[in-house]
Amino acid sequence: MMKILLASSELHPYSKTGGLADMVGALAKFLAKAGHQVGVVTPLYRGIQERFPEIKWFDWKIDL
């Protein structure tokens with residue numbers, strides 16, 4: 001088992017402008033079903049929290 005973190009600018013069903021959202025969502029599900037521990041990080045765009053209230057805000061600060 002691997003621990004896998006996917007980071008994407010879009011993720012189905014939360015945010016979608018093209019095929020990337022579908023691919024990342026499907027990949028995360030596939031890897032989880034294969035027995036891996038999977039996490040996905042994506043921006044919390046306006047409107048997502050209202051449509052999906054179970055999503056929790058996670059505030060990371062990155063120093064560059």
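Predicted model: local features only at pLDDT ≥ 70, side-chain atom pairs only at ≥ 80, totals over all residues.
Which residues is S15 in contact with, leaving aside its neighbours within four places in sequence? They are S9, E10, A21, T42, Y45 and I48, where contact means heavy atoms within 4.5 Å.

Residues are numbered from 1 along each chain as its sequence is written, and side-chain values use heavy atoms, with hydrogens and water left out.

**View 1. The protein chain with its two helices and two strands.** The elements follow the order β-α-β-α from the N terminus; helices (H or I, at least four residues) and strands (E, at least two) are DSSP runs, numbered from the N terminus. Along the principal axes, the C-alpha atoms fill a box of roughly 35 × 30 × 25 Å. Of the 64 residues, 20% are buried. Buried means under 20% relative accessible area, exposed means over 50%, and partly exposed lies in between (1.4 Å probe, protein chains only). Among contacts with a separation of 6 or more, 55% are between residues 24 or more positions apart.

**View 2. Helix α1 and its buried face.** The 15 residues of α1 should span 21 Å at 1.5 Å a residue, and the end C-alpha atoms are 21 Å apart, which agrees; the expected span is 1.5 Å times one less than the number of residues. Buried residues of this helix are A21, V24, G25, A28 and L31. Seen down the axis of α1, they fall within an arc of 135°, so they line one face of the helix; the arc is that of the directions from the helix axis to the C-beta atoms. An α-helix has 3.6 residues a turn, so residues three or four places apart point the same way. The cover over the buried residues of α1 includes β1 and β2 (37-41). G19, K29, F30 and K33, on the other side of α1, are exposed. After the helix comes G35, with a positive phi near 100°.

**View 3. The largest nonpolar core, with six residues.** Its members are I4, L6, L11, V24, A28 and L31. A nonpolar core is a set of buried Ala, Val, Leu, Ile, Met, Phe, Trp, Tyr and Cys residues joined through side-chain atoms within 4.5 Å. β1 and α1 are the elements that give two or more residues to this core, and the largest share, three residues, comes from α1. Not counting residues up to four places away in sequence, I4 touches L31, H36, Q37, V38 and G39.

**View 4. V38 in strand β2.** At 27% relative accessibility, V38 is partly exposed. Apart from neighbours within four places in sequence, V38 is in contact with I4, L6, A28, L31 and A32. V38 and L6 are 32 residues apart along the chain, and their C-alpha atoms are separated by 7.5 Å.

**View 5. S15 and P13 in the loop between β1 and α1.** S15 is buried, with a relative accessible area of 11%. Its contacts beyond four places in sequence include A21 and Y45. The peptide bond from H12 to P13 is cis, with omega near 10°. Most residues other than glycine have a negative phi, and most peptide bonds are trans.

**View 6. The aromatic pair of Y14 and F52.** One aromatic pair is counted. Rings of Phe, Tyr and Trp (its six-membered ring) pair if their centres lie within 6.5 Å; planes under 30 degrees apart count as stacked, over 60 as edge-to-face and the rest as tilted. The ring centres of Y14 and F52 are 4.7 Å apart and the planes stand at 75°, so the pair is edge-to-face. Y14 belongs to the loop between β1 (3-7) and α1 (19-33), and F52 to the segment after α2 (48-51), so that the pair links parts of the chain 38 residues apart. Y14 is partly exposed at 26% relative accessibility, whereas F52 is buried at 17%.

**View 7. The salt bridge between D22 and K16.** The structure holds one salt bridge, defined as a side-chain nitrogen of Lys or Arg within 4 Å of a carboxyl oxygen of Asp or Glu. The side chains of D22 and K16 meet at 2.5 Å, N to O. D22 is partly exposed, with a relative accessible area of 36%, and K16 is partly exposed at 47%.
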